[in-house]
Structure formats: C-alpha cells, structure tokens
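Come along as I look things up, one entry at a time.

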Amino acid sequence: MKETLVESRTGIVRRVFALRESAIFLALILLMAGIWFFAPTFLTGSNLYLVFRQISFVAIVAMGELFVILSAGIDLSVGSIMGLSGIIAAGAMAMGLPIWLSVLVGLASGVLLGLINGVLISYVGIAPFIVTLGMLSFARGTILILTKGWPITEIPKPFLVVGQGDFLGIPIPVWVMIVLAVVAHFVLQYTSFGRRLYAIGGNEEAAFLSGVRVKKIKLAIYMISGLAAAVVGVILVARFNSAQPDTGTGWELDAIAAAVIGGTSLSGGSGTVLGVLIGAAIMGVIRNGLVLMKVSPYWQTAIIGIIIVLAAVLDRIKNRRAA
C-alpha cells in the first residue's frame, strides 16, 4: 500500500515536470531571483502588488490573442481596439449614460471591431496580418477623430474602483484575469469549440474536410480577441481616471510576446491559458525589473523586442524537431 502511494506521488511529480509550462515557470522563478539580486526592492509587498496588477492587463489581452494564434492567425489590432473601446466607454459616461450601459457600449465596440476582422479574414479571405494591421490604423485614427488628441476625464467616481480597488487584498483587475482565465481554460480544454480550434491550427484543411465549420470558428475567435482587448481598455479608464488617446499603443506586441513566451506556437494548434499567464508574468517581471534597475526606456523596448525574436526562434526550432 505504502509503495503504491509512493509510486503514485512519483508519477504525479514526473507528469508535473513533464509539462512544458513547468520549464517556463522555472524560468520565471530564476528571472525573479536574478532581478531581486540586482534590485532588492523587487520582492517588497507594494511592488509585487503593482506587478500583479500590471500583469493582469497584459494577460487578459494575451488570452484573447491566444485564441487567434491557436488558429495560426494573428491579431495586430488589439492595442488600438483597447484604446478605442476605452474612449467609447469614457465618452458614454461623459455624456451622462449609466455606468453599466457605458461599459456595455465599450465592450460591444470591441466585439464589433473583432467581428469586422473576422468577417474580412474568414469570409472575404484576406490575410489576418493585412486585416488586423488595417484595423490597427483605423481604430487609432478613429480615436484621434473622436478626441482630437485630448483625454476624456469626466469619469464617475464609483467606476474608479474597477481599476483602482481591491478585494481581499488582491487588485480587482487580477480577479477579472483569474475569472477570464478559468473560463478560457474550460472553453479550450473541455468544449468542442476548443477542440475544433486546436484542430484548425493543426491542419485547417483536414479540419474542414472532417466537418469543422472553420469560417464560423475563425469569426468567433476574432470577436473573442476584440472583447478581451475591450475589457482591458475599459478597466484602464478606471485605473487612470481618464481615457487617454494613446492607450494601447504597442500592446499588440506585449500580447503576442506573452503568448509566444508562454509556449504558444505561432504556427497554430499548440498553446495553453496557463502558459499565457506565465508568459505575461515574465513580461511584467522583466518590465518592472528594468524600471527598478533604472534601465533606459529605449533599452526596455529593445530588450522586449529581442525576447520576442528569441521566443519565435525557439518556437521554430521546436516545430522543426517535432516534424
């Protein structure tokens, strides 16, 4: 009986270490230890509170990006959709609409922009890179048209708790991230939609021939990506007590990087929500560590770019070995 229990525990430990996320998580721990060595204030409670809140924003957008990348697609418009959704929600509040209705309008705008992306990609047949690059420019231009470059500051005080408050000592955005992560994990791992999405990313033609409605699923994932971006855009309005025209600029790179660093294959068909969360944590820890070590913001951007390229190279090597 005792030997059986020991063998069972050993098997569980082996399965845990066999997970791809285990290696990424170990890299995160080593990274945190290294930053703590050079910047002792990194592991203080107040700093970790800020890091976790920042990680939650990137993680939510990256989870939406995960759905797209799993289909071997890409969404370069999430940053601009995030900014436009926040502007629309803040503008609705400034016009006197109820908070709940303003939030709903902001989220709906993200879903609508994702719907447009999905229609052009799935039913018109334009490449995801071109469509979402165009949406990036359209949404960013619309922000400037609506705001003329000025922030919207008439935000109701009760709404600020969404971005600035906490529950049980944990920031509200982190709770939102946890809930969405549980939902996303369930959808991907335990529903036919998730299984079909992985099948599309693995071999789209084979998935189509086996009866998978490829176009409808692709349409849905770009709507999901738009919704995830809009969620963050609305929360950031509460976080900063205003809607800034430049909100979301460059966030598409962070979202893609978090997904790829977390083990999501750019070729599609491989990736998990847990990996994305760890990838977002690595991104957040690196950014925070560079700030604490007083590294120039210009170098921060360059370092993040190098990390993205290295992650893509590792993904390429992994796919070649698998083939």
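**Pocket, core and an aromatic pair**

I began with the lining of the largest pocket and sorted it by class: twelve nonpolar, seven polar and five charged residues. Here Ala, Val, Leu, Ile, Met, Phe, Trp, Tyr, Cys and Pro count as nonpolar, Asp, Glu, Lys and Arg as charged, and the others, Gly among them, as polar.

I noted that this is a predicted model, where local features need pLDDT of at least 70 and side-chain atom pairs 80 or more, while totals for chains, interfaces and linings use all residues. Numbering runs from 1 along each chain as its sequence is written, and side-chain values use heavy atoms, without hydrogens and water.

Next I looked up which residues have the most contacts inside the largest nonpolar core. They are Met-63, Phe-159, Leu-188, Val-232 and Trp-251, in a core of 84 residues. Such a core is a set of buried (under 20% relative accessible area, 1.4 Å probe, protein chains only) Ala, Val, Leu, Ile, Met, Phe, Trp, Tyr and Cys residues joined through side-chain atoms within 4.5 Å.

I then followed Trp-251, leaving out residues up to four places away in sequence. Its contacts (heavy atoms within 4.5 Å) include Gln-54, Phe-57, Gly-79 and Val-232.

Last, I searched the whole structure for aromatic pairs (ring centres within 6.5 Å, the six-membered ring for Trp) and found three.

Key:
Rings of Phe, Tyr and Trp (its six-membered ring) pair if their centres lie within 6.5 Å; planes under 30 degrees apart count as stacked, over 60 as edge-to-face and the rest as tilted. Buried means under 20% relative accessible area, exposed over 50%, partly exposed in between (1.4 Å probe, protein chains only).
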